Every structure is written in structure tokens, then in C-alpha cells.
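Biologist: I'm new to this one and would like a close look at a single part. Could you walk me through it slowly?

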Amino acid sequence: MTSDAASPVIRSARDLGLQLRAAGDIRDLIGAAYGLDALLLHEADLAPAFLDLRTGLLGELFQTLVNHRLPTALIVPVPAAHGGRFTELAREHARHPHVRILPDEAAARAWLAATR
């Protein structure tokens, strides 16, 4: 499903009919995203456990996305709502080549389009 340079194929978890509620859903997401140029995740697409860094779920998700070289933007308007460690993670990923936490869909789509 590779696209031309003017229009990368970017889909959201919603577009794919998916929500991530448990670790097993990561595999389903990767399968559904096969052939995409990039992936867009909204905060609401993830169960609260993914946003609680103590569970390790977000780390597992991010590592899987990096392993599959799937550029992904996670939209979290207020990272501080999930604690200081989450805010720190968002800052650390501000320049990550594959996974970024961004405040809105416009910023997310702009970055994903530029990753091509």
C-alpha cells in the first residue's frame, strides 16, 4: 500500500477499527497497519494502562513500532495529565525518528508526512 510522494498512506487506529486494551492488541495493530506509511494513535485509542508507564505497555508498544519501522504519532494533548514521567517521555521522544508524542492531529500528520 505504498503511496506516491505527495500522499503518504497514514491511518489511525480508529480507521483500522482498533483500540489497544491489552498487550495482545499490539500484534493486531501491527497486522492491520501492514503496508501503511505511518500510523496515528489518539490517546483515546489506548486503555489507561498503556498511559501508566509502570505497566510497561507503552514501552512494549513503542519498541514494537520501532522494530517494525512504522512511523507513529501518539496524540496526547496534555502529557502532564499522565504524570511527570510521562511528560519526560514526551520530551525524550520530541526528536525520535519513529515514535513521537504530539499535542494535536495537525502536528502529528505534519510530522508523519515529513517522515517519508
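Where does D45 lie?

Modeller: A word on the model before we zoom in. It is predicted, so local features need pLDDT of at least 70 and side-chain atom pairs count only at pLDDT 80 or more, while totals for chains, interfaces and linings use all residues. Numbering starts from 1 along each chain as its sequence is written, and side-chain values use heavy atoms, with hydrogens and water left out.

Now, D45: you'll find it in the loop that links β2 (38-42) to α2 (48-51). Those labels are DSSP runs numbered from the N terminus, with helices being H or I of at least four residues and strands being E of at least two. D45 counts as buried because its relative accessibility is 1%; buried means under 20% relative accessible area, exposed over 50%, and partly exposed in between, using a 1.4 Å probe and protein chains only.

What does D45 meet in there? Leaving aside residues up to four places away in sequence, D45 touches A13, R14, Q19, L20, R21 and L40, where a contact is heavy atoms within 4.5 Å. Its side chain also reaches the backbone nitrogen of H42, at 2.7 Å.

There's another aspartate to look at, D37, in the loop between α1 and β2. D37 is buried too, with a relative accessible area of 16%. A polar atom of the D37 side chain sits 2.7 Å from the backbone nitrogen of V9.

Terms used: Polar contact = N/O pair within 3.5 Å; in protein donor to acceptor, adjacent residues only side chain to side chain.
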